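Hi,

Here's the structure I said I'd pass on.

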Amino acid sequence: MASKSKNEEPVWAKYITEDNLPTDDLRFLCEIIGLEATKQLMIKAPGQKFSIHAHCNQKYKKQYIIDNFDGTKSTFNKIVIQCGVTARYAYKVIKEYVEGK
């Protein structure tokens, strides 16, 4: 019996295609990250449940607002659109940063 390296797919993995993924979740994931990455998750993490919380990106958005706000209204408006946040939220982030919170 030939051994396979850690990164080598099992022989049966070639049968996994975008068209025959077993669940809507896997099809959705495949649309975002591609078939090869989806297959790797199926092979290396069977039985695992993943949860991506609605606010998991907030700290990154906050840091982006802080790093890119230059005090101008046009930049502020651009940041709000880029981050998909409300103006009120962006003002709060900037205020907390200025106040050292």
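Leaving aside neighbours within four places in sequence, Thr38 is in contact with Leu21, Leu26, Leu29, Cys30 and Ile33 (contact being heavy atoms within 4.5 Å). Thr38 sits in helix 2, residues 35-44 (helices are DSSP runs of H or I, at least four residues, numbered from the N terminus). Thr38 counts as buried because its relative accessibility is 0% (buried is under 20% relative accessible area and exposed over 50%, with partly exposed in between, using a 1.4 Å probe and protein chains only).

Before you read on: this is a predicted model, where local features need pLDDT of at least 70 and side-chain atom pairs count only at pLDDT 80 or more, while totals for chains, interfaces and linings use all residues. Residues are numbered from 1 along each chain as its sequence is written, and side-chain values use heavy atoms, with hydrogens and water left out.

Now the helix pair. Helix 3 (residues 58-68) packs against helix 5 at an angle of about 70 degrees, axes 10 Å apart (axes are lines fitted to C-alpha atoms over the stretch in contact, and angles run from 0 to 180 degrees between N-to-C directions). The two helices are therefore roughly perpendicular, a label for 65 to 115 degrees. Helix 3 brings Gln58, Lys62, Ile65 and Ile66 to the contact, and helix 5 brings Tyr89, Ala90, Val93, Ile94 and Tyr97.

Lastly, Val98 belongs to helix 5, residues 87-98, and counts as exposed because its relative accessibility is 65%. Val98 and Ile66 are 32 residues apart in sequence, with 9.4 Å from C-alpha to C-alpha.

Cheers

How values were computed
Parallel < 35°, antiparallel > 145°, perpendicular 65-115°, else oblique.
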